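Walk me through this structure, please.

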Amino acid sequence: MGDYLFSLVLTVHVLVGLAVIGLVLVQHGKGADMGAAFGSGSSGSLFGSSGSANFLSRTTAVLATVFFITSLGLSYLASNKPAAPSSVMEGVQGAPAVEQVPAAPSAPADTSPAQSIPK
């Protein structure tokens, strides 16, 4: 579930980032038209400090906010992943202990009384 959510937020993050880049490149600066007419690019204050908030600038602001939120979401999801084991064998449980059975003697033990040797 966590990997699916991370992938979803990452996909949204990349798509919103590309959309913000596209919208910023399409927009004109505040004084681009008048500045070009007068031969200077510094006439941004000609239209006042507020400027006009059209559809492109509002959409860019909304997408920038979504980009910021997905950045925070990705950092939260990445920091709360369980720690990966440092060794391949760290997560493996050991095999159950096998009870050792004493080995049978190789030759049968002589348990009869000592035999006398004939003279």
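Serine 7 is found in helix α1. Helices here are DSSP runs of H or I, at least four residues long, numbered from the N terminus. The model is predicted: local features need pLDDT of at least 70, side-chain atom pairs count only at pLDDT 80 or more, and totals for chains, interfaces and linings use all residues. Residues are numbered from 1 along each chain as its sequence is written, and side-chain values use heavy atoms, with hydrogens and water left out.

Serine 7 is partly exposed, at a relative accessible area of 41%. The cut-offs are under 20% for buried and over 50% for exposed, with partly exposed in between (1.4 Å probe, protein chains only). Serine 7 lies 67 residues from leucine 74 in sequence, yet their C-alpha atoms are 9.4 Å apart.

Now the pair of helices. Helix α1 covers residues 2-26, and its axis comes within 9 Å of the axis of α3, crossing at roughly 150°. Axes are lines fitted to C-alpha atoms over the stretch in contact, with angles from 0 to 180 degrees between N-to-C directions. The two helices are therefore roughly antiparallel, a label for angles over 145 degrees.

Next, threonine 70. It sits in helix α3, residues 55-79. Threonine 70 is buried, with a relative accessible area of 10%. Beyond its neighbours within four places in sequence, threonine 70 is in contact (heavy atoms within 4.5 Å) with Val9, Val12 and His13.

How values were computed
Parallel < 35°, antiparallel > 145°, perpendicular 65-115°, else oblique.
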